[in-house]
Amino acid sequence: MSIVGIHNCRYPFAHQVPCVGINADVGGIRHLLNSGPGLAFVILFAPLAEELIFRGVLLNFFIERNKAAIGTVLVSLLFSLLHGLHQESLGWQLYTSSFYFIMSLVLCHLYIARGSLWPPIVFHSAFNGTMAVLFRLLT
C-alpha cells in the first residue's frame, strides 16, 4: 500500500537512511503514530529540524548574498529530491518530488515574507499532523 510514512530510503549516496515518503510499511507507521514519542517526532521534531536546516541554514545562506530567488529554487529542489527520490517507481518519484518542491516553495515564501522560521515550522508541523490524522483514520 502506498502511504506517507517513515521507512528506510534507498538513496544512491546513503543506505538505510530513515526518511519520510511513500511505499512505507503500514504496520510500522501505525506503530509509530500510536506512540507519543512517534507522534512528537513526526509532528514536532522532524518539521523543526528540517526547517532549521533547509530554511534557517541553506536558504538563509542565499538570502545573505541577495540570491533569495536562486536559493528558493535550489533549496526546494534539494528538499524535494531528499523526500522523493526513494520511491519505487519513476512515476512516484516525479509525483512526490514535484509535490515536495511546491511545498518547499511555499515554506521558503513564508520564511522570506515573515522574516521568521516560526511560520514555516508551524505550517510544516500542521501538514505532518494532518497527514498523521488522515493515516490513522484511513488505515
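Predicted model: local features only at pLDDT ≥ 70, side-chain atom pairs only at ≥ 80, totals over all residues.
Starting with the overall layout, the protein chain has five helices and two strands. Going from the N terminus, the elements come in the order β-β-α-α-α-α-α. The chain counts 139 residues, and 37% of them are buried. As for contacts between residues at least 6 apart in sequence, 56% of them link residues at least 24 apart.

Helix H3 is a handy place to begin, spanning residues 68-84. With its 17 residues, H3 stretches 23 Å from first C-alpha to last, close to the 24 Å expected at 1.5 Å a residue. Several residues of H3 are buried, and the list runs Gly71, Thr72, Val75, Ser76, Phe79, Ser80, His83 and Gly84.

Next come the neighbours of H3. Two packed helices are described by the angle between their axes and the distance between the axes. For H3 and helix H4 (residues 90-114), the angle is about 140° and the axes lie 7 Å apart. The two helices are therefore oblique to each other, since an angle has to be over 145 degrees to count as roughly antiparallel. Their crossing is right-handed. On the H3 side, the contact involves Ala68, Thr72, Val73, Val75, Ser76, Leu77, Phe79, Ser80, His83 and Gly84. H4 meets them with Gln93, Thr96, Ser97, Tyr100, Phe101, Ser104, Leu105, Leu107, Cys108 and Ile112.

H3 also packs against helix H2, which covers residues 36-63. Here the angle is about 150°, with 8 Å between the axes, so H2 is roughly antiparallel to H3. This crossing is right-handed too. H2 brings Glu50, Phe54, Arg55, Leu58, Leu59, Phe62 and Ile63 to the contact. From H3 come Ala68, Ile70, Gly71, Thr72, Leu74, Val75, Leu78, Phe79, Leu82 and His83. Among the H3 residues touching H2, Phe79 and His83 are also listed in the contact with H4, and both are buried.

The loop between H2 and H3 holds asparagine 66. Its phi is near 55°, a positive value in a residue other than glycine.

Leu39, Val42, Ile43, Pro47, Leu48, Glu50 and Glu51 make the contact from H2. Their counterparts on H5 are Pro120, Ile121, His124, Ser125, Asn128, Gly129, Ala132 and Arg136. Glu50 of H2 turns up in this contact with H5 and also in the one with H3.

Finally, H5 runs over residues 118-138 and includes valine 133. Valine 133 is partly exposed, at a relative accessible area of 47%. The C-alpha atoms of valine 133 and leucine 33 are separated by 8.9 Å, although the two residues are 100 residues apart along the chain.

How values were computed. Residues numbered from 1 in each chain as written. Heavy atoms only, no water. Helix = DSSP H or I, 4+ residues; strand = E, 2+ residues; numbered from the N terminus. Expected span 1.5 Å × (residues − 1). Buried < 20%, exposed > 50% of the residue type's maximum accessible area, 1.4 Å probe, protein only. Axes fitted to C-alpha atoms, helices over the stretch in contact; angles between N-to-C directions. Parallel < 35°, antiparallel > 145°, perpendicular 65-115°, else oblique. Left-handed = near helix turned anticlockwise from the far one by under 90°. Contact = heavy atoms within 4.5 Å.
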